[in-house]
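Work through these exercises with the model open. Each task is followed by its solution.

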Amino acid sequence: FPIIVAKGTHVIIPLVAKLEGDRWEAAVVKQEDKKIKLLVNSPATAVIGRYQLTVETNNQNGSASSTHDPANDIYILFNPWCQDDIVYMDSEDERQEYILNDTGRIYYGTKDQIGARTWNYGQFSDRILAACLFVMEKSGTSPSGWGDPVNVVRIISAMVNSPDDQGVLEGNWSGDYSNGTSPTVWSGSVEILEEYHKKNGTPVKYGQCWVFAGVVTTVLRCLGIPTRTVTNFSSAHDTDVSLTTDVYLDENLEPIENLNVDSIWNFHVWNDCWMARKDLPPGHGGWQAVDATPQETSQGTYCCGPASLAAVRYGQVYLKRDTAFVFAEVNSDKIYWQKNADGTFTQIYSEKKIVGISISTKAVGSNERSDITHLYKHPEGSNEERIAVETACSFGSKAKAYSSPTAQDVSLEVTLDGEGPKMGKDAELMITLKNSSSQQRSVSLHSQVSVMYYTGVHKATVRTDTTDIEVLPNEGEWSISFWMTFFHQQDHKAYLTSRINIFFIIY
């Protein structure tokens, strides 16, 4: 790859009198005779990877340059302890779990019989860092993009499977594993990554979802990105971007096998990784879903994510990356379609609570199972959950399955008077509903106030409200004043600000 200063792949470190931070720089901290001790500072946005170190000196006798010694190579990683890093995580207990813990538990089975297997991530084992950077190098991507964790986790999602890039693991669900190792035999990632590195990028045989996910956790933790392994029970596989799990039946209610390509797995394992998302609207940082099991292609490559869990929860499937696919895995409705005489299909039945159950990961600081379903979706059957499903499916290929004749009758507008919110001052939001139909409408208005970091990472929910409203017909208006105080708290540069979510249901 080209070594270019502008791309961050060639770094010239200036010698300065005093370190200022947030840039490449070096300062003398000690000098004895001909020996100089330097303190070198790197920016939080630096490209990760292995750097070759060369020292140039100039004096009255001329200039000299050191020869490259691999033993002096420098490794730069993401740093969740650094408040300026995109992967910064403020909880020490969580950093201990999601970066430093080299063992864990991966869940499997069914929603009624959940089993657990111990997995050795081994991210600090000898040769694993070299193997992880080898995986990055084998991707063929430019290191100039390796300073962005969104890019890195997407690269790893693609490289841990093998179909289109000779990645780490070859998937096999046939039951015949005679040419390799059965997926159930693996108990950790170290042997897999070492074999892939030793054989210069020949895919290791064989893997299934929990093996792919275990390796992703190892690689991302090794590179400094907080990561956990997640199991979704009754996990849907949507093949046509409908955001639904579809079953097609003929006139006699017999399955039409060639059309029934969607499926629901007993369980499926993927990963959550932690980062701010500056490429998304505020509030979508934090946990992001990443899936290395090769199911569907994303932009032509077998990879998935990172998809914001906040976006998945609210059905905001239009936000990148692969949010629609993850949403379908955890919250799609199963819809039954019957073929008509003219070849079209009519929806005859739907099941709304059978996908995405007991989403599980290892608890922080213990071997207990932690249920994180609430991070992926609202409680099943709640108004909020139904709104998320309808929102998501309105962007799918079967949007008409969720269309409502009254959906456009009532509009909502939120306004803020004056110059906008001021820190420490009250702000008044005006929420105005207009009914353009000829009938009175009953509306349920839901509002939520959350606290988030300046990076856009959600911290906590402060307040939720639900108000039932009757809106008169023919341009009838209904307004409500919503008072709140905008504030921020400086906690080691972790600024907290307020965020408001508002949505409504029409009856």
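**Salt bridges**

The count comes to 18 salt bridges (a side-chain nitrogen of Lys or Arg within 4 Å of a carboxyl oxygen of Asp or Glu). This is a predicted model: local features need pLDDT of at least 70, side-chain atom pairs count only at pLDDT 80 or more, and totals for chains, interfaces and linings use all residues. Residues are numbered from 1 along each chain as its sequence is written, and side-chain values use heavy atoms, with hydrogens and water left out.

**Exercise 1.** Find what the salt bridge between Arg50 and Asp73 ties together.

*Solution.* 
- Start with the distance: 3.9 Å, N to O, for Arg50 and Asp73.
- Arg50 lies in strand 3 (residues 49-51) and Asp73 in the loop between strand 5 (62-65) and strand 6 (74-76), so the pair ties together parts 23 residues apart in sequence. Strands are DSSP runs (E, at least two residues), numbered from the N terminus.
- Then check burial. Buried means under 20% relative accessible area, exposed over 50%, partly exposed in between (1.4 Å probe, protein chains only).
- Arg50 has 51% relative accessibility, so Arg50 counts as exposed. Asp73, at 12%, counts as buried.

**Exercise 2.** Classify Asp279 and Arg277 as buried, partly exposed or exposed.

*Solution.* 
- The two form a salt bridge, with the closest N and O atoms 2.8 Å apart.
- Asp279 is at 34% relative accessibility, so Asp279 is partly exposed.
- Arg277 is at 2%, so Arg277 is buried.

**Exercise 3.** Which residues do salt bridges that share partners join into one network?

*Solution.* The network joins Glu20, Arg23 and Glu25.

How values were computed
Helices (H or I, at least four residues) and strands (E, at least two) are DSSP runs, numbered from the N terminus.
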